[in-house]
Structure formats: structure tokens, C-alpha cells
Amino acid sequence: MATTSQEEFTLDTAAELAAEEGGAQIQGKSPWVLAGRRLRRNYVALTFLGVFFLIVICCLLAPLYVSQVSHVGQNDVRTGATIVEHGKKVNVISQGGTKIVNGVPKIVFGGVPIGPQWGAAGGKYILGADELGRDIATRLLYGGRNSLFIGVTASAICTTLAVILALLSGYFGGIVDWIISRFFDLIWAFPVVLLGIALGTALSVNGFHHFGINISGSNLAIPIAVISFVFIPYIGRPLRGQVLALRNREFVEAATAQGAGSIRIMFSELLPNIASSVLVLFTLIVANCILTEVGLSFLGAGVHLPNPSWGTMIQEGSNKLSTAPGLSLFPGIAIALTVLSLNVFGDGLRDALDPRAKIRIEHG
Amino acid sequence: MRSKRTSVAIAAVVAAGLALVVSACGGGGSSGSNNTTSAPAGKTFPTLKVVWGTTDYFDPGLSYRLASWQLFQDVYLGLVVKAHVSCQTDNCAKIEPGLATTTGKVSDGGKDFKFTLRKGIKYSNGEPVKASDFKATIIRDFKLNSPGIGFFSNIVGVDACEGNPTKCADISGIVTDDKAGTVEIKLKTPESDFLYVLSIPFTAIVPASTPQKDTENPPPAANGPYYITSYNPSKSFVIKRNPNWKKNEIPAVPNGNPDTIDGTMTDDQAQAAQLVASGQDMYDENILPVDQLQHYKSQYGDQIKFFTTPSTYYFFMNTRLAPFDNLKSRQAVNYAIDRQQLVNLRGGLGVPTYNFLPPSYPQYKKITPDPYPYDLQKAKQLVQQSGTAGQKVTIYTISDVAVDLSTGEYLQSQLNKIGWKASLKPIAGANYFTIVGNQSTKAQIGFTDWFEDYPYPSDWFNILLNGEHITKVHNNNYGNVNIKSANKEIDRLDSLPPSQALSASTNSAWAKIDKQYSDNAATAPYLNGILTSFFSSKMDVSCDVFTDSQDDLAQFCMK
């Protein structure tokens, strides 16, 4: 059925799509092509995909923004700098100090960063400065690179591991299934953020120095590893269920009869049949991973200062909400837009790939 | 002691304080003071709600933070106490009799101190205060590996305890007689500041039965007008009137106005200020958030007090570790920091300095010309010359005090600019000084500050920079600074007879030590602090008394 204002957009089946587009146009088309067609009709999902790509492109262009517009690097501390605002010289950070006169302090208050300039300062400090004179807009873009990089990389690692475990668990069953399922249960038993903080804090203090692997505490690999680890069961469990349902199907038996080995059956027969679910789950988990990265960085267990991430920026601005709300507000808006766009697009993708699917990311 | 607050100590006060030590050492001992600081009648009130910074410990044998000491002044008393009077109007450096009847009888050329305990004083748990408790307290300090044990190195018979603190069993130089109530302390050499040492919390007497481990919930039994009934680390504390305190029992110690002091603990300056602004709490121990100083001052006017402190904020540099084992590297750090900008980071609350000793001391002599004016190019050259360019440097700072974190980030930026690869290691304030004071941490460089324990230069140079007092844990000399000639001179000045302690030549000698440490770039001092006190509109600010440990909560009163 076609979408209406009251009904969820689902071009449920090929038959419904055929009714919509005409049977000839869908005959002989692969499910991927059909899904693409369904997705093309979901303008809301496509719009939000555009928003996400826009955010990604903006963040990727951060170096260009620095060289051509702001001329202030992401970690450039400019406490004593001045800018020209409407032809007037203005301190980036208001200057203060104390003189002791007859034992009595005479204080000139200072240390307050400049607010958003919106272009009045020739591209500098468009969104204002923080307490160290760093350009918020520049840090927002670089922070986005870190947050998105961690979120997407962690999702990719998490999805890859979860798919492998789900295939092993669902295909072999027995003791293998029991061990992997208990492993999922073990991680599932902890709230994601709590487990993330515990692992993130432990690893970020001294880094990881075991099994010949040496990673410093400030390396982005730490939050990536932590986030990808804590989300494994949230992808692995639903996929395991699908593999369990598929492993006794005729096409698997046919492959076995042809002498195909376990690895070939898992990756050549089963994996393509769960690929649509994998793709949907990946899209949805990216948003969760970005949110977790933000949470961990906010709590000091993610990206290390002075490098920005949207989480560290919110944390740094949290005690200046009354005087410089932009410090937290701008990264907050960026996070909300990113997560919203990924979730809306993820839902649209799920509806397109498998309209009857009940796949949802659930976590504690 | 380490941040965050303390009192004003001006030169005249210091002079007067030491004059008292001189007079005490002259023998005879002064009689009990008549200068009672008892609470004026009718000023008592049920509950004082305060918001407080987090601290390291709540055990007087272990804590070396002002946040604790400010509370301890009305809870844990020693043989003598610092006067509970305002530094602005009175001689706050004056030492007065505490649990002892006098400020002591000094003999043997300033090497023998004798005290007699007041009779009938009881701890909050009902036990009587005994002379032997003093010795037990000092031994307990050693067993705790207290950061205060360096103060006792001049006591006869302490060597065995210094060699193996946790096995300390006896100190022959402390002789006590419970029956007569006498405490005799024998020193190896005269010590001009020893009475001050006896007034700090490390020597505050606790019952001999107190466990010889960190005791915090509840903390050890008290002998002052108040006792701590509960302490939830980094969250809250409750202090109540000591049921065994007799009114005006010790004239120098106020009986106190609030019946209960209910404390909420946070290092979030904005939140703390808001709690007082909203009237939920009545006093904010934290410094006001620097970006809102103007707002608070214009909105709350006289409810906010600003005052200079005998404090120095500085960066320590570990002279045992590369790159700071190299003089040029340490000089580079000194050139790389713009002290005015570091003041600005604190909202303007500070005065730039190159000296280690604060300007309120008579021994202070401003180092001129400015030895390390801000010069990034020179700093870069020095890093190149030191052969340490490109080395990794880890900067330690406090994570939960916004301005300290910014200070760390500022230093990181500067060190990266001059050729090192600097990274930041923020640590929660409650544990920060304990962690960087542990040799196993191997802290390379970091933020620290110092507020005087008592107004004499030995409290600065002897504790913070004398290489002979470097310890494995609870080390106060974070940079492991060890300049042998300076150590020797500090020891010489510290053991001068009290009559020479404030002579012009002695003052000049201390100033030379200050210069020597500056020449060696032993640390990178950058400012002397200005602090804030914020009272709610319910409080009568005129009652506020800045004692040596800043605002004396016992003397707070309501409108």
C-alpha cells in the first residue's frame, strides 16, 4: 500500500509494489532493486539520509574550513588573541587581573570568551570561542569527525564480529551455540553505558598493554574497541535467530549435498540471506554507537582532551550554560541531527528491505 | 597545604606571630589567653548548610587539603591552636594555648618544649584526653605514612620511625605523663617554627585507641567544640556540637554558633554557587565560577568577599625524569607560560608572580628583572638546545575543577608549541595530590598550588622543595627538587634560634633561596591566588572571621 498521513510507509510486498508501479516493471528484478525502489519512494528517509551526508561532508571539510575561513586550528589556544569585529578590535577572551592596593585586592573580572560572531569577524569565531580562545565552529567540525569516525568504525567492527558469532552460533548449534549465547547474555546483563564507562575508564587510564598490543589511553582505538564490544549482542542475538531459522532450509541442505564446507555455507549461503537485516541493524547501531561515544567522552572515558568530540565539547560547556550556552548547545544540536537522521533513514531502509521485519535495536 | 582556600597573612602578622614564638621560647610560657572568642549570646542557630569542595581525607592524620583543615579547626585541637580571629583586624598568626594550659615552657636553648594539659577535657566519644595520646597521635601519623611526618624529623628519637614509618613503635624524644598531664618534646636542634607545627591538624590529638589506618566514617573522636558524625566521601558530611565540650573550655576556641553543619560536597563551581544563590545552602566554600564573577558580584554584592591569600600556584616539573632533568627544559617551560593569561583563566583572580614565596612575607623580595618573561621563541630554542624536542610529556591536572582543567589544557598547548608532544592526564580533585605525590605515578609535570600551613618560609621551601624530605608516598616535593646547597641553607635557617628568625639577614637569606630556586627553574610559579567566599542572603556577613584557615564556620551567624 502507498503511504498515507496515518499509515506507516511500507510497500509491503512485491505484489503491492507491482500494483503501485505495474507488474512488468518488477518482474525479474532482484530484491535489492525492489528495495531500492521502495526506498526511493520514502522521501522522509531520503531527506534525513541527505542531512546525515551533509553533516559528514561538513565534518570532512574541517581542514578546508580552518585554512579558508576560521584560520584557527581545532586545538589552537588563543587566550590573548584579538579579532576585528565591525572594524573594532575585540579580545577573544575578556582580559582581567588584580592589583593589590594597600592590601586590598582591586579586581577587574576577565576570562569570559567571546560569543558567536555569525560572520562579523570575517569568518572567525562564527559560533564563538571557548574559555581558552579556541574556535567552537572549528572544534565542532573536528569533534564531528572524531564522533562519526568512532561511531561508524565501532559499528562496522561490532557488526562484523556479531555477524561472525551469529553465523557460528546459529549454524553449528550445540556447545558452540551455548557458549556464544552465554557470552551474549553476559554482555546483555550490563547496561550499555555502565559497561562502556567501566571498560572505557579502565582502559583510558593506562591504555591497553597486553598480548604484545600496546595502545595508549588517549588512542581513539580504545573507545572504538569498548563501544564495538558492548553492542555485539544487540546485533548478534537477532541475527543468530535468523540463522537458526535458515540453517534447516532446503538451500542449505542442497549446498551440503553438493559437498560445500561449513565456512562456504555460512558465508556464501546464509550470509546473503541475512544481509538485509545486517544492513538495517548496521544503520541503526551507528546512531547508538555515536550516542555512546558522546556519553563516554562526556564522562571522560572516550576522546581525550584537548581533542574535541561532541561529547567532550558538551562536557566542557556544561558548567558555562548560563554565560556561554553555545559551548554545549551547538554540539548538542549536531548530535541530535545526526542520530535523528540515522534513525529515520534506518527505519526507512528496514521498511524497504524487509517490510515485515520486526528488527529493532533494544538495549538497556 | 594544597588548595583551595586559606587566610590572609600579611607581613606584620607574620612578624607578630614569630614574635610570640620568640617570647614563648624565651622560657616561662605565656599564661592562658583571656582573649576569648566565645560566640556572642543569642547568635546560635540550628543548622548551617554549606556547599564544600571535595577533599582527600577526613582523617586529621592524613588530610593535607584546605577543604578539610578549614573544618578541622573547630573539631581537632592540638596542644596549641592558631588564633580564631580575623587576619584583617587581628593577629591571626598568633599561637594560643589549646589543649595545653599555656603555649609551652621552652628550655635547653629552644630544644625542649614542655606542656601541661588542661584538666577534664574529654573527646566526643567520652574518653578523657590524656598526655600519652599526643605521643600515640604522632606515632599514628608515622604508621599512616602521613604527609605530615616531615614536620617531626627534628624530634629526638624519630630516626627509626622515619626509616620505616609503618613500623614506628616509639619516639624517645616525646615524654608523657598521664598522671601529671605533661607532654615534653625534645628536639635535636632549635626550630623557630615548631610551635606552628604543633598547631596544625597533623599534631591535633586523637585518642590512642583510634585505629592506625585511614579512619573516615566516622572520623576519629574530636576534642574541639564540634565533632564529625558522618562523612560520605566527595558527597556530604555532618558536623554537630561535641556533647562533651564544656562552654568556654578553651578561651581561644569559640563555642560555635551553628548546632549542626550540614555539608554537600561538589567541585562543580557553577552548581555550588547556584546552591547558595538559590538559598538552598548558606555558604559556598568553592571559588565562584570564573565566567560568572561579574554576574554574581553585581547580583549579590556584599554577600561575596574577595581576599588575597598567601598562596602560590605553580607547575611542578619532575627533575628525576626527562625532559625536566635538564635545566634548559625547565627554563623553557617558564618562558613558555604567559602568566597574565593564566591569571585571566581564573577570571582575573590572581597576581602574576615569578617568586615561589608569596609577597605577603617579610622574606619576600621580588625577583627583578622578570626572570622568565613570556617568550615562545626563546622557549623553543631552549627545548632544541636541551636535545629533548619531540619527547613525550604527560601533564597532570585536576579534572573536576573547570579552571584547573583549563590551566592544564593551556600548558599542554604551550608545550606542544615549543616542541614537545604533550598529552593531558586529568585526575579527580579528591585523589589528585595523593596520586601525583606517589613516586610510582612518575608524574612528569603538572598543576599544583600551595597555601601556607603557617606563615614562615620553611613551610614553603622546607616542605615543598627541600630534597631531603622527598618521600615515596604523600610526597609534597612533586618535582623531586634536590639542590644540595639550598637544602643545607634551608636546614640552617630553620634551626636558627627564634631570636634570629626574623632578622634582616635571615629574611635576606630566605629571599636568596627563593632566587636560587628561580635560577634553577625548579618550578614554574605563575600566580598568587585571590579567593572568594559566597554567603546566602540569610547570613550576616559581618560575623565572618577569616582565620588562618579562612572562614571560621563556628563563628558564622544569621541575620
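Because the model is predicted, local features need a pLDDT of at least 70 and side-chain atom pairs count only at pLDDT 80 or more, while totals for chains, interfaces and linings use all residues.

The predictor gives the complex an ipTM of 0.79 and a pTM of 0.82. Confidence in each residue is expressed as pLDDT, on a scale from 0 to 100. In chain A the mean pLDDT is 85, with 90% of the residues at 70 or more. Residues 1-11 of chain A have a pLDDT below 50, and this stretch has 15 contacts in the model beyond near neighbours in sequence. A contact is a pair of residues whose C-beta atoms, placed from the backbone, lie within 7 Å. In chain B the mean pLDDT is 88, and 92% of the residues reach 70 or more. Over residues 4-39 of chain B the pLDDT is below 50, and the stretch has 122 contacts beyond near neighbours in sequence. Where pLDDT is low, the predicted coordinates should not be read in detail.

Secondary structure was assigned from DSSP runs, numbered from the N terminus, with helices (H or I) of at least four residues and strands (E) of at least two. On this basis chain A has 14 helices and 6 strands, and chain B has 15 helices and 20 strands. A residue is termed buried if 20 or more other C-beta atoms lie within 10 Å of its own, exposed if 12 or fewer, and partly exposed in between, with C-beta atoms placed from the backbone. Of the 364 residues of chain A, 45% are buried; of the 559 residues of chain B, 63% are buried. Among contacts with a sequence separation of 6 or more in chain A, 67% join residues 24 or more positions apart. For chain B, 73% of the contacts between residues at least 6 apart join residues at least 24 apart.

The C-alpha trace of chain B spans about 70 × 55 × 40 Å along its principal axes.

The contact between the chains takes 30 residues from chain A and 36 residues from chain B. Elements giving two or more residues to the chain B side include α6 (269-277), α7 (293-300), β12 (304-308) and β16 (421-427) of chain B. Helix α11(B) gives the most, with 6 residues.

In chain A, helix α4 (residues 43-60) has 18 residues and reaches 25 Å from its first C-alpha to its last, close to the expected 26 Å. The expected span is 1.5 Å times one less than the number of residues. The buried residues of α4(A) are A:Ala45, A:Phe48, A:Leu49, A:Phe52 and A:Cys59. They cover an arc of only 110 degrees around the axis, and therefore lie on the same side of α4(A). The arc is that of the directions from the helix axis to the C-beta atoms. These buried residues pack against α3 (31-41), α5 (62-70), α6 (136-172) and α14 (326-353) of chain A. The face turned away from the buried side carries exposed residues, A:Tyr43, A:Gly50, A:Phe53, A:Leu54 and A:Ile57.

In chain B, B:Tyr313 lies in strand β13 (residues 311-317) and counts as buried, with 24 C-beta neighbours inside 10 Å. Not counting residues up to four places away in sequence, B:Tyr313 touches B:Asp449, B:Tyr526, B:Leu527 and B:Gly529. The peptide bond from B:Ala322 to B:Pro323 is cis, with omega near 0 degrees, and B:Pro323 lies in the loop between β13 and α8 of chain B. The bond from B:Thr368 to B:Pro369 is also cis, with omega near -15 degrees.

Note on methods
Residues are numbered from 1 along each chain as its sequence is written. Chains are lettered from A and ligands numbered from 1 in the order in which they are written. Two residues are in contact if their C-beta atoms, placed from the backbone, lie within 7 Å. pLDDT is the predictor's confidence in each residue, from 0 to 100.
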